[in-house]
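Welcome, and thanks for taking a look at this one with us. Please have the sequence and the 3D view open side by side as you read.

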Amino acid sequence: MNWGSATLGFYGAGAAAVATSVATLRKRLELSRAKHRSLAGHARIARRLARLLPFYEYGEERFFCSDGAPAEIAARRRTGFERLSQLYRTRFAETIKCTAEAAETLSDFQFTAVYRVPFQYSRFVRAHLPSASFVASSNGVMLTDLDDNRSYDLTGSYGVNLFGYDFYKETIERGAARVHALGPVLGSYHPVIVENAKALKEISGLDEVSFHMSGTEAVMQAVRLARYHTGRSHLVCFCGAYHGWWGDVQPGVGNPVPARETYTLTDMSESALRVLRKRRNIACVLVNPLQALHPNRSAPSDSALIDSGRSAHFDKARYTEWLKKLRAVCTERGIVLIFDEVFVGFRLAKGGAQEYFGVKADLVTYGKTLGGGLPIGVVCGCGDLMKRYRDDRPADICFARGTFNSHPYVMAAMNEFLHRLNAPEIDALYRDLDRIWDERARTLNARVAAENLPVRLANLSSIWTVCYTQPSRYNWMLQYYLRAEGLTLSWIGTGRLIFSLNYTETDFAAVADRFVAAIKAMQQDGWWWCDDAATNKSIKRAVLKEIIAHRLAHRLFLRRQSTKE
Ligand SMILES: Cc1ncc(COP(=O)(O)O)c(C=O)c1O
């Protein structure tokens, strides 16, 4: 080799290396551009920041004027708060007592109690407006607590309660009777499973079905199948979307380890489609159609309600267009499109989101209501994707089991659910579904607007969220006023109201009256007092300053401690 060709070779290799790193850099840049600008879009940074966030709280004085409200307003708030506290302690006495006792040993109770409101206010609220988490019975659209108080249920049991609790009492009871002779035998099956699979094939328009024990497990299995069949590692989910609590679909706060094989991309964005077109390691895209109500935002919870920045708006045409684009890119790139319909399946339409938006997925997960009131997760998919072994490589399998999968009692309750889905009374509930719920939201919004109240409701059919129209640090108080009016919310508060479809016009009118009464009471108690100069941004900035000041104070404290030692 002479010097000339060696030099040429050297430059050639250099040029190739530069070209590769430019291409890698470009891909990285594309990926960063496809991430949503919010913290929810940057899982790693969010997790790091979460670790830095110091605990601090407002003492009793500051609790009522953390927004700089004048003394007269703080006094009004205090009076309202004390009145509520007194009402809670008398009206919910037994229920509160039982909850407090249970919380000593039930970690879930402790967690949900702490995260009902922003942490700065949490301890004071817990001391005076304690949780009352027990219910003795359900009937129609109402719940009765341990003190015999009846309230309208707006929790929807996390979305499970679609047709009313009485419906599920029947599916469970009748289902149990049908499999009583078999009992809880596992490993072999009761014949109802065959009918279930057939019905689900028809509903999903897909070839095969597998049964699991929860929505989380169904999602795990769908992703595992996609990885197995594509031979690719990564899954894409969209910013803010919930898919259960398995690590790979929970890349941000809440998961102690990073989800290294998950790309969290901006929902409804061209930049996300660009990443899907370019990357070769993407096995599947997970879509939770509930995000259509608030794309790129996490499940709205009152514990994050430090200002009035919560927003939501459902635009069916735009979301449909997005799903179609996503479908086209997935087909073009051989990426498995998974609709996670654990929440919205059966709620938006009998055929779920696929029917509602007119877009077909490769795999669909269902759960919640499909169990007829019992725990369930289901995957439906085309035959090629559902296969868990290879004919030509016998040791190369895609394993999935679960002791309780296809439990006879669950299968029988599901069977009742699926049968009754075709009954005329259920058909009637699906008729004009969107028109009914949109109209209800519209009339309630018109009413609160006419009364000049700072609250608006956004809805995706029977799934609602409360938004706030003027800057405030205290919107989370509304959940306590609503409860005082006899409306029960789940622990995430006003972020999500879930109606069962058996709400009649009369039921809904009663809920609307109570809603308005709660908002008015809260307004009269001064919680929505607002400094003319306040904006959501200024509130966020003020809270950030508090956080930084407490962080610095904490570090100073630690330094002093270490020098003492
Ligand atoms: C879209 C979606 N996927 C998965 C899950 C997880 O289901 P499960 O709580 O049954 O594990 C949920 C639960 O809320 C969900 O809403």
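Please keep in mind that the model is predicted.

**The ligand site**

The residues around it include Ser214, Gly215 and Thr216, then Tyr242, His243 and Gly244. Asn288, Asp340, Val342, Phe343 and Lys368 are also around the ligand.

| Residue | Protein atom | Ligand atom | Distance |
|---|---|---|---|
| Glycine 215 | backbone N or O | oxygen | 2.9 Å |
| Aspartate 340 | side-chain N or O | nitrogen | 2.6 Å |
| Lysine 368 | polar side-chain atom | oxygen | 2.7 Å |

**The second largest pocket**

Next comes a pocket. The second largest pocket has a volume of about 320 Å³, and 16 residues line it. Nearest its centre lie Lys35, Ala43, Arg44, Ala259 and Thr262. Which element gives the most to the lining of this pocket? Helix H2 does, with four residues. Helix H2 spans 43-52, and strand S6 (262-265) likewise supplies at least two residues of the lining. By type, the lining residues are seven nonpolar, five polar and four charged.

**Glutamine 221**

Finally, look along helix H10, residues 215-230, where you will find glutamine 221. Is glutamine 221 buried or exposed? Its relative accessibility is 4%, so glutamine 221 counts as buried, the cut-off being under 20%. Beyond its neighbours within four places in sequence, glutamine 221 is in contact with Ser210, His212, Val379, Arg388, Phe399 and Ala400.

Definitions and conventions. Residues numbered from 1 in each chain as written. Predicted model: local features only at pLDDT ≥ 70, side-chain atom pairs only at ≥ 80, totals over all residues. Heavy atoms only, no water. Buried < 20%, exposed > 50% of the residue type's maximum accessible area, 1.4 Å probe, protein only. Contact = heavy atoms within 4.5 Å. 1 Å grid on protein atoms, 1.4 Å probe; cavity = no way out; pocket = protein on both sides within 12 Å on 5 of 7 lines; lining within 4 Å. Points joined across faces, edges and corners; volume = space filled by probe spheres on them. Nonpolar A, V, L, I, M, F, W, Y, C, P; charged D, E, K, R; others polar. Near = heavy atom within 4 Å. Polar contact = N/O pair within 3.5 Å; in protein donor to acceptor, adjacent residues only side chain to side chain.
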